[in-house]
Amino acid sequence: MSYTKAFLTLVGLLSFGMAALAQRFEVGAHAGGSSYMGDLNQYNPVKISGIEAGAFVKLNFNPHLALGLHYNYGKVKGNDASSNNEQFRQRNLSFFTPLNEFSLLVDFNFFDMFAYNGRRRFTPFLFGGVGTVLFEPKANYEGETYKLRLYYTEGQPKAYKKYALTFPIGAGTKYKLNDSWTLFTQVGFRIPLTDYIDDVSGLYPDPNVWTRNQGLSRALSDRSGEKTGIYIGEPGTQRGDFRKRDSYMFVGIGISYTFVSQKCFTF
């Protein structure tokens, strides 16, 4: 075989392989709401506090398994002043933060709804994986917005990082409109390896730990007396709930398009 024929054969094989992958390639987008569980919301995991939106690209290996790259954006917030708990209202802390999440997720479809001329159009599915979330808790104080991480509100020896490893898990349902278009709903719970999504974790610090911005750091750390004039944040007393991690959740609806030929999903 000549080099030209060998080259053309290789190109043909690569083109065939890429075409086969393209026929299993899926893109999609979704939108909905986001919630957070942590020191400023300890008991209501489905309390929606902001919006969420996302997009993904996915490779379907077969009718049941897929691997996808996902990006999700959300906003969460918490405010003790609006709590039903009297102790939280006395503490009077608040925060809000964007969440930018990049993740690699595996999907598992329970039913084969992608088979050519298949009768099934509906399937529940599960997903799970690993990712990174970027966050930056902020608070409004006397007409200004402050990045709380920079003020060591619990006397951390170093400012905590504004990113963390996160583990998304969740479930949803899919409904096939036709061979290419699919509607879906999903609920995804996230377990990040940080307790500072809300800037609250443990104890009120000793004011001597602040070597600069002491007045502002103290004001952002203990806001209990802003309305009553009575401050409860004694050094060493409880500020957070002592859980090891905060968590957050995205819930939404979306649509996806699969590049699929008539013969693609007859694996």
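**A loop residue, then the strands**

Me: Between which two elements is the loop that holds aspartate 195?

Reply: The model is predicted: local features need pLDDT of at least 70, side-chain atom pairs count only at pLDDT 80 or more, and totals for chains, interfaces and linings use all residues. Residues are numbered from 1 along each chain as its sequence is written, and side-chain values use heavy atoms, without hydrogens and water. Helices (H or I, at least four residues) and strands (E, at least two) are DSSP runs numbered from the N terminus. The loop with aspartate 195 lies between β9 (181–192) and α3.

Me: Which side chain of opposite charge is nearest to aspartate 195, and at what distance?

Reply: Lys and Arg count as positive and Asp and Glu as negative, while His and the chain ends are not counted. Aspartate 195 is buried (under 20% relative accessible area; exposed is over 50%, partly exposed in between, with a 1.4 Å probe and protein chains only). A salt bridge needs a side-chain nitrogen of Lys or Arg within 4 Å of a carboxyl oxygen of Asp or Glu. Aspartate 195 has none, and its nearest side chain of opposite charge is that of arginine 243, at 7.9 Å.

Me: Which side chain makes a polar contact with that of aspartate 195?

Reply: A polar contact is a pair of N or O atoms within 3.5 Å; within protein, one must be able to donate a hydrogen and the other to accept it, and residues adjacent in sequence count only if both atoms are side-chain atoms. Neighbours within four places in sequence aside, aspartate 195 is in contact with residues including Asp39, Val200, Lys244 and Asp246, where contact means heavy atoms within 4.5 Å. At 2.6 Å, the polar partner of the aspartate 195 side chain is serine 201.

Me: How many bridges link β3 to β4?

Reply: Two strands pair if DSSP finds at least two bridges between them. Strand β2 (residues 48–60) pairs antiparallel with β3 (residues 65–79) over 9 bridges, and a hairpin of 4 residues joins the two. Valine 57 has leucine 69 of β3 as its bridge partner. Strand β3 also runs antiparallel to β4 (residues 94–109), where the bridges number 15.

Me: Which residue of β5 is the bridge partner of aspartate 107?

Reply: Histidine 70 is bridged to serine 103 in β4. Strand β4 in turn runs antiparallel to β5 (residues 122–135), with 11 bridges between them. On β5, aspartate 107 is bridged to phenylalanine 127.

Me: Which side chain makes a polar contact with that of asparagine 60?

Reply: Asparagine 60 is in strand β2 and counts as buried because its relative accessible area is 2%. Its C-alpha atom is 8.9 Å from that of aspartate 107, 47 residues apart along the chain. The asparagine 60 side chain reaches the backbone oxygen of arginine 24 at 3.1 Å. The side-chain partner, also listed at 3.1 Å, is glutamate 26.

Me: How far is the C-alpha atom of threonine 258 from that of glutamate 26?

Reply: Threonine 258 belongs to strand β10 (residues 247–258). It counts as buried because its relative accessibility is 1%. Threonine 258 and glutamate 26 are 232 residues apart along the chain, and their C-alpha atoms are separated by 4.2 Å.

Me: What is the phi of asparagine 213, roughly?

Reply: Most residues other than glycine have a negative phi. Tyrosine 152, in the loop between β7 and β8 (163–176), has a positive phi of about 50°; its relative accessible area is 26%, so it is partly exposed. Asparagine 213 lies in the loop between β9 and α3 and is partly exposed because its relative accessibility is 39%. Its phi is also positive, near 50°.

Me: Which elements do the buried residues of α3 pack against?

Reply: Helix α3 covers residues 214–221, and its Ser217, Ala219, Leu220 and Ser221 are buried. The elements packed against the buried residues of this helix are β6 (138–141), β7 (144–147) and α4 (225–228).

Me: What share of the 267 residues is buried?

Reply: The protein chain has 4 helices and 10 strands. Of the contacts between residues at least 6 apart in sequence, 72% join residues at least 24 apart. The buried share of the 267 residues is 43%.
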